[in-house]
Amino acid sequence: LYTAALPGEEVSLSDGERRLLRELAGRVARLAAEPRQEQMRRLWLRHNRLEPTRPLIICDPENGWNEIIRAEDLLCTSRLARHWEMVLRKELFWGERMLDDRPIEAVFPIGYTAAASGYGVEERYLPNSPGGSYSWVPALERRADLDRLRPPRIQVDHETTSRTLELAREVFAGLLSVRLRGVWWWSLGLTYDLVLLRGMQQVMLDMIDSPSFVHELMAFLMEAASSKLDFLEASGLLSLNNDCYLPPGGFGHTEELPAEGFAGQVRTADLWGFAESQETVGISPEMFAVFIFPYQKRLLERFGLASYGCCEPLERRWEVIRDLPRLRKVSVSAFADAAKMAGQLQDRYCCCWKPHPADLAVPVMNQEAVRAKLRRTLHVTRGCRVEVLMQDNHTIGGNPQNVIDWVRIAREEAERAAP
């Protein structure tokens with residue numbers, strides 16, 4: 001999304017922006033050619049095959065990037081060029097200073113310029129503070145409002161997409177391979193849309209007072225998502241994700257995808273699929289199994305491999321979730337019981353453990369406490385196929401050194417825990 005032009009945007013760069021972007025791209029290309037990057041790719045291949053490796057380490061500062069590469073640090077002036085500059089500078093920080101297990105690639109992805117309609121109804125947001133919490137007025141007040149729902153439609157601006165792609169190829173020629181990459185969803189979990197449409201509290205009441213209403217709404221959301229997948233597949237708009245970062249974390253390098261019969265046009269069967277249901281963390285496993293999981297499973301069955309979970313703890317739902325076909329990666333969030341999850345996952349799934357990001361949200365990180373937490377969890381997950389994923393950071397305390405030090409400590413503890 002960061003590399004796509006906006007509808008109607010002028011797709012052009014100044015001579016100075018071109019020179020700067022080529023300079024940054026050249027540094028990225030040199031990093032990508034280092035032997036270390038190929039070692040990282042092979043390590044992810046082994047890990048995703050469920051072979052024993054040391055725990056793999058990934059750190060994505062997320063909103064903390066704005067404290068590492070500040071707006072005033074960017075030298076380009078146009079919107080598109082500033083986004084491209086930010087993408088390249090992040091790659092350089094990863095490969096030159098952070099030094100986690102993220103392979104640096106000599107690739108610059110360009111996203112599609114596209115717009116998607118909603119469901120035909122709109123919720124209203126009521127923010128409490130800029131960048132802070134908010135509430136909303138749900139769009140569906142009564143069961144009769146179901147008749148107002150329409151499946152979303154995607155409209156691709158092929159002209160702007162093509163011009164952006166050609167501009168990137170011109171700017172990065174001889175340095176980076178420019179690829180068109182469609183990323184059309186984050187999660188196929190459905191429940192985020194469910195609670196936006198109906199309201200968090202009301203959804204939980206509906207499960208008791210009007211269970212058939214919940215099933216009707218979930219069936220509609222599932223069919224809408226399935227229709228979207230059908231459209232993207234038939235239109236040739238899907239892109240392979242077996243060599244890039246995936247939710248719930250880590251990289252998707254695998255020789256199992258694309259699937260047998262792949263002839264160039266990507267199908268859902270050639271992809272990793274992902275779902276979660278953070279919004280329903282307050283319901284019982286039994287209710288999750290009745291109201292949520294069957295609809296998620298129908299979608300994820302289409303994919304060649306599957307990953308599941310985000311911030312919600314999964315140990316109480318594991319007996320339900322484990323029924324997903326071709327499930328490979330499972331989130332072990334900061335709120336999960338890591339020891340219980342380790343006993344459930346063992347060496348049969350990738351254990352995507354996410355330490356609490358609050359450890360980095362201070363001006364001076366407590367390195368001894370960070371090391372103790374890492375060592376304790378890597379001990380209880382010994383024998384699992386572990387990824388350690390520092391993410392969900394809203395701030396890093398204004399101190400970029402925090403992420404550098406966290407990665408260094410995590411790598412030291414990963415080597416200590418290696419089989």
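In which loop does Leu190 lie? In this predicted model, Leu190 is placed in the loop that runs between strand S7 (177-180) and H6. Leu190 has a relative accessibility of 12% and therefore counts as buried, the cut-off for that class being under 20%. In sequence, Leu190 and Ala275 are 85 residues apart, while the distance between their C-alpha atoms is 8.0 Å.

The largest cavity holds about 40 Å³ of space, and its lining consists of Leu194, Arg198, Val203, Asp206, Phe213, Val214 and Leu217. Two or more residues of this lining come from each of helix H6 (191-198), helix H7 (200-209) and helix H8 (211-234). The most is given by H8, with three residues. Sorted by class, the lining of the largest cavity comprises five nonpolar and two charged residues, with no polar ones.

The second largest pocket contains about 240 Å³ of space. It is lined by 14 residues, of which Leu180, Arg181, Leu238, Ser239 and Leu240 are the closest to its centre. Its lining divides into six nonpolar, five polar and three charged residues.

On the surface, a nonpolar patch is formed by Tyr125, Tyr134 and Tyr192, whose accessible area together is about 310 Å². One of these residues, Tyr125, belongs to strand S4 (residues 124-127). The relative accessible area of Tyr125 is 39%, so this residue is partly exposed.

Two cis peptide bonds may be described next. One joins Pro247 and Pro248, with omega at about 5°; a cis bond also joins Leu257 and Pro258, with omega at about 0°. Pro248 is located in the loop between H8 and strand S8 (272-275), and Pro258 likewise has its place in the loop between H8 and S8.

Positive phi values in residues other than glycine were also examined. Leu99 has a phi near 60° and sits in the loop between helix H4 (79-98) and strand S2 (107-110). With 37% relative accessibility, Leu99 counts as partly exposed. For Gln346, which is not a glycine, phi is positive at about 50°.

Notes
Residues numbered from 1 in each chain as written. Predicted model: local features only at pLDDT ≥ 70, side-chain atom pairs only at ≥ 80, totals over all residues. Heavy atoms only, no water. 1 Å grid on protein atoms, 1.4 Å probe; cavity = no way out; pocket = protein on both sides within 12 Å on 5 of 7 lines; lining within 4 Å. Points joined across faces, edges and corners; volume = space filled by probe spheres on them. Nonpolar A, V, L, I, M, F, W, Y, C, P; charged D, E, K, R; others polar. Helix = DSSP H or I, 4+ residues; strand = E, 2+ residues; numbered from the N terminus. Patch = residues over 30% accessible without salt bridge, like charges linked within 9 Å, V, L, I, M, F, W, Y side chains within 5 Å. Areas by Shrake-Rupley, 256 points an atom, 1.4 Å probe, with all protein chains shown as cover. Salt bridge = Lys/Arg side-chain N within 4 Å of Asp/Glu carboxyl O. Buried < 20%, exposed > 50% of the residue type's maximum accessible area, 1.4 Å probe, protein only.
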